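User: I'd like to learn how to read pockets and cores in a protein model. Could you walk me through one?

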Amino acid sequence: MTGEELWRALDSEADLGVAQPIIIEAGGARQLIVWNPEVVVSLDPTNGEFYWRQPYTVGGAMTVATPVQVGSQLFFTTFYDGPLMLTLDQDRPGATVAWKGTSNSEIQTDGLHAVLATPIIEGGTIYGICSYGQLRGLNAETGERLWETQEATGERRRWVSGFLVRNGDRVFINNDRGDLIIARLSPSGYEEVSRTHLITPTSRPGNRRELRYVSWVHPAYANRHIYIRNDEEMISVSLDQADYE
């Protein structure tokens, strides 16, 4: 209401990465989760006091994909160092490592080494896009890879990505080619329902790609419409079937 500082916490001299703080509820408390390239920290959001911390070193400060909580699980993924799954204590604020990826290679990846896309966890399965554009399904309990496909993103190159948004029993995928894909994801694999080219990519990828430009802008969904932009325009497209009949 006033802008008055209530508390401050954590060291701001080190590299902070890019992850935004999130609020979760576990162990009978609201917890503020702060993820920097060295550690995951849980704070009391009312006063900034520590609940717990978990070391998690991230190369290149690439703390990009938002952590995902489902029940007692809290999942992290990063480009170089792969996934980390924490088990949240249900009796008090606390966390332990359930499993962690073993690879720090961007090419020889295990689990999920996401770049931009925040993964989805549903029905005990993690769905996400890995370091070279591989859409993968993982067992959320063990981290075991169940399947992968390149169909959603096309090219197998560094930083090929897309954004996943769940809608009922389907997932909307905006790949970096400017396509909107509607798909069903399950523990058994990827099923594409439809695909349309939505917007022209205008951003330079900064690495070797068959594309000169890519689309790395997360869309917004509201009122049965999708809103997305590039460097030249912003568009709104109806997702309502009645508008096309």
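Analyst: Gladly! Strand S2 (residues 29–35) gives the largest share of the lining of the second largest pocket, three residues. Strands here are DSSP runs (E, at least two residues; helices H or I, at least four), numbered from the N terminus. This is a predicted model, where local features need pLDDT of at least 70 and side-chain atom pairs pLDDT 80 or more, while totals for chains, interfaces and linings use all residues. Residues are numbered from 1 along each chain as its sequence is written, and side-chain values use heavy atoms, leaving out hydrogens and water.

User: What volume does the second largest pocket have, and which residues are closest to its centre?

Analyst: A pocket is an open set of points on a 1 Å grid over the protein atoms alone where a 1.4 Å probe fits, with protein on both sides within 12 Å along at least five of seven lines; lining residues have an atom within 4 Å of a point. Volume is the space filled by probe spheres set on the points, which are joined across faces, edges and corners. Here it is about 200 Å³. Of the 13 lining residues, Ala9, Leu10, Asp11, Leu16 and Val34 are closest to the centre.

User: And how much space lies in the largest pocket?

Analyst: About 420 Å³. Of its 20 lining residues, Asn167, Arg170, Phe172, Ile182 and Leu239 are closest to the centre. S16 contributes the most to that lining, with four residues.

User: Which residues touch the most other members of the largest nonpolar core?

Analyst: In soluble globular proteins, nonpolar side chains tend to be buried together. A nonpolar core joins buried Ala, Val, Leu, Ile, Met, Phe, Trp, Tyr and Cys residues through side-chain atoms within 4.5 Å, buried being under 20% relative accessible area with a 1.4 Å probe, protein chains only. In this 15-residue core, the answer is Ile33, Trp35, Val40, Trp52, Tyr56, Leu74 and Phe76. S1, S2, S6 and S7 each give two or more residues to this core. A second, separate core of 14 residues includes Leu164, Val171, Ile173 and Ala183.

Note on methods
Buried < 20%, exposed > 50% of the residue type's maximum accessible area, 1.4 Å probe, protein only.
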